[in-house]
Structure formats: C-alpha cells, structure tokens
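Student: Hi! I have a new structure on my screen and would like to learn how to read it. Could you take me through a few features, one at a time?

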Amino acid sequence: MGKLLLATVAVILAPIVGGLIAGLDRKITARLQSRYGPPILQPFYDVFKLLGKSPMTMNPWQILSVWVYLISSALTVFLFFMGSDLLLIFFVMTIGAVFFVMGALSTHSPYAQIGAQRELVTMLTYEPLIILVFVAIAMVTGSFKVSDAFGLSKPLLYQLPLMFIVLGYALTIKLRKSPFDISACHHAHQEIVRGVLTEYSGPQLAMIEIAHWYDVIFVLGLCALFWTTSFWGCVILLAVTYFAELLIDNVTARMNYKWMLKTVWGWGLALSVLNLLWLYAG
Amino acid sequence: MLKDWINKGRLKSPWIVHFDCGSCNGCDIEVLACLTPIYDVERFGIINIGDPKHADVLLVTGTVNHRNKHVLKNIYDQMPSPKAVIAMGACGLSGGVFREAYNVVGGVDKVIPVDVYVRGCPPKPEAIIDGVVLALEKVKALLEAAG
C-alpha cells in the first residue's frame, strides 16, 4: 500500500520536478554560454502556452501516438517507484518511444520522416546498452527488481563504475543532448526543423514535452540506483551526472548517426564487457 | 485557473519563426544578433524556431513579391492560432526602395494581417525586441478583451 501511494505521488510530482530540471537546464546552459538565460519556470510557460493553442493535427493517428507516449512514460515512472521489474519498465518505455516515432512516420512531411528514421537509429543505439546495464544490476543484486537494488548495503557504483559510464551514454541520447541530438534537439536547432517533432503542434507538442519530463525523471531514477545507500550521496551523484551532461552538451557539436553507432556501441559494449567480466571473476 | 496559466504562458513564451521574403540579409543578421549573448532574447522566453507549426510570432523581413507571397501566406496559414505577425525593415513595411519594381507587391500587410511594424533599414536589435514586446502587449489587450 505504501509503495502504491509513493508511486502515485511520484507520477503526480514527476512533471513538476522534470519541468524545474528543464528550467535549470536552460538557465545553466545560458550561463555556460555567458547569457542571462530564461526564468527557471520557462518550460512551464512554454507548455501552458502550447496547451492553449488551437489543435492542428495531420491525422488521428498522431493524437493516439502522443497519448500512448505520454501514458507509457508516466507508467515507467509509476513502475519504477513501485519497485517493479526493470525489464518490464524497459518494455513499457520502448512502447512509448516506438509510438512517438510512429506518430511522426504517419505524416507526409520529409522532415518528420528523416527525424523519425534518426530517432529509430538512436533507439537502436541506446537500448542494448540499457539492457546491459540492467543485466549488470541483476548480476549484482540477484534479481531485476528495482526494490532489491534499493535494499543493497553498499552503492552499486563501487561494483559497476564502467556501467555507469555506459548508462551516461544512454542518458545523453535519451535526453537529446549533443553530440547525440540527431533526431530532434532541445534547443530548437533548425537543421531538420526539429526533426521528429516537426508535425506535432500545440497541445500535442505540450504533451510530448511533459512525457519528456517523465523520461528525464526515469533516467535520473536509473542513475540513482547506483547510489541507493544514502540520500545525499544519491543527490550529489545525480547533480554531478546532470551537470556533466550539460557540459558535454555545450562543448560538443552534433555528429552523424554512423559516428554515434560506432562510438556508442564500440565504447559502450567494450566497457560493459569489461565490467561484466570483472563482476563474473570477482 | 488553467486559463490564467495559459494566458500567462502566451505572454511569456513567444516562439518566433523568421521568414525572409528575399531580403538583403541586413534585417536577418540583426534578427540573429538578438540571439547572441549581448541581447540574449531567450531571457524573455523568445526562441527562434524553424517550424511554423510550433511558432507564435511570424517575423517577416524583405520585399514581398508575386512569387513568394504564396509561400508567405502558406507559412502564415500553417501557424496555429493565437498568432502575431511582425513586419520588419523598410522592405517589409512598404517594399522599401524596391516599391516601384514590377514584381513587388509592396509590404507584408498586402498579403497577411500585420500586428506590429518595426521600421529601419535595417532595424536595430533593440527595435526588434521592442517590436516583439509590442506584439505581446497587443495579444494581452486581445486576451483582456476576450475576458
């Protein structure tokens, strides 16, 4: 019962915290570029404005896709705070991501099509790595349950330092940060006119933004699994990780998908195998 | 309450799509200057976005002619309401020095309704920011009139 309550509260609070993180993200990014930056609440202003715009959809399939994406993102957060199975959470997350792409593919816009193809490649890149991270967690804790990871006596990071870097790769891709922001970018670069988001507008775009906030909370939750023994340790780990993401976002340029596949799979698989071997031997 | 928040958002996050109707690039450089650290329009929530479907404000520079007026109209129609239009520079306002040319329509307002005119050849970045603020005040007045 306590778990259910916690998960429900988490689902309600996640968009608020996610929005604040997005606001901080934009503020810190602006400061790194020696600008003043928008107010912290700016993402909320954007979303409320988008909710108030007149709907302009290409076809009903888009609306369905957006709803599935939003609900599955909220469900991943719900399942995570329920202490549920990591693999189940992974499948729910994937369904959301696939529907997000399907919505873009259902339109005729070439920009949306290119964005959707690129989004599929990014999914292909980060999903094996996330699965490997889950396998590594399961090797340490003995089960795929989130609740078991929270019951550990010493931080997972001691045993899985390389896996944390692998998760960092997946995190950068999932958060759409440079150099992996090839399908759509947070900062409205115009190369493919926001790619996969091109044909979404108004309320639909607002819902995608909210779903993205849920995703951010979920991936930060995954990072939190690596330091579950103390609250402050966890907070510091998350803050450092997110700041590192911002720094990487600001000092790197966008790369093409072949480079992304080569680098992320190359380094990600190498680091994963090393860490798994070490676990197996030790 | 939700309506209040939406109205607040409308005033605080004008996303701009910038369309160049064959301008000399003077106005366009000034628009881009607004994004630099000196002027930093993002502190007002203004983002220069590439997609008319996400945009709230259409910023038009350059001379409208019989070729590109269809494109201009198309971009305007693709923007979901509520939306505002800002015409920029002497060419956008009236056709400028090209006013008498055979192919020039003469001013953005001949094709789509314009809310704010920003004069200059080219206008200063301060004037452009001022124009966006004026457009927002117009939106605010509309919102208040609608209750």
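Tutor: Gladly! Keep in mind that this is a predicted model. Let's begin with a facing pair in chain B: B:D20 stands opposite B:T61, a residue of strand β3(B).

Student: What holds neighbouring strands together in general?

Tutor: Strands of a sheet pair through backbone hydrogen bonds, in either a parallel or an antiparallel way. Here, strand β1 (residues 15-20) of chain B pairs with strand β3 (residues 57-61) of chain B in the parallel sense, over five bridges.

Student: In what order do the five strands form the open sheet?

Tutor: The order is β2-β1-β3-β4-β5 in chain B, with parallel pairing. β2 (47-48) and β5 (116-118) of chain B stand at the edges with a single partner strand each, so one side of each has no neighbour in the sheet.

Student: How do I read where the side chains of a strand point?

Tutor: In a regular strand, side chains alternate between the two faces of the sheet. In β3(B), B:V57, B:L59 and B:T61 point one way, while B:L58 and B:V60 point the other way. Five of the five residues of β3(B) are buried, so this strand is largely enclosed by the rest of the structure.

Student: Now chain A. How can I check the length of a helix?

Tutor: Compare its expected span with the distance between its ends. Helix α1 (residues 2-32) of chain A has 31 residues, and at 1.5 Å a residue it should span 45 Å; the end C-alpha atoms are 42 Å apart, which agrees.

Student: Where does α1(A) bend?

Tutor: The bend is at A:L13, by about 40 degrees, and a proline, A:P15, follows within four residues. Just after the helix, A:S34 takes a positive phi of about 50 degrees.

Student: Is A:D25 buried or exposed?

Tutor: A:D25 is buried, because its relative accessible area is 3% and buried means under 20%. This residue lies in α1 of chain A, and its side chain makes a polar contact of 2.5 Å with the side chain of A:K177.

Student: What does A:A116 touch, leaving out residues up to four places away in sequence?

Tutor: A:A116 touches A:V101, A:A104, A:L105 and A:V196. A:A116 lies in helix α5 (residues 110-141) of chain A and is buried, at 0% relative accessibility. A:A104 is twelve residues from A:A116 in sequence, and their C-alpha atoms are 5.9 Å apart in space.

Methods. Residues numbered from 1 in each chain as written. Chains lettered and ligands numbered in written order. Predicted model: local features only at pLDDT ≥ 70, side-chain atom pairs only at ≥ 80, totals over all residues. Heavy atoms only, no water. Helix = DSSP H or I, 4+ residues; strand = E, 2+ residues; numbered from the N terminus. Expected span 1.5 Å × (residues − 1). Bend = angle between axes of the 7 residues up to and from the residue. Buried < 20%, exposed > 50% of the residue type's maximum accessible area, 1.4 Å probe, protein only. Contact = heavy atoms within 4.5 Å. Polar contact = N/O pair within 3.5 Å; in protein donor to acceptor, adjacent residues only side chain to side chain. Pairing = 2+ DSSP bridges.
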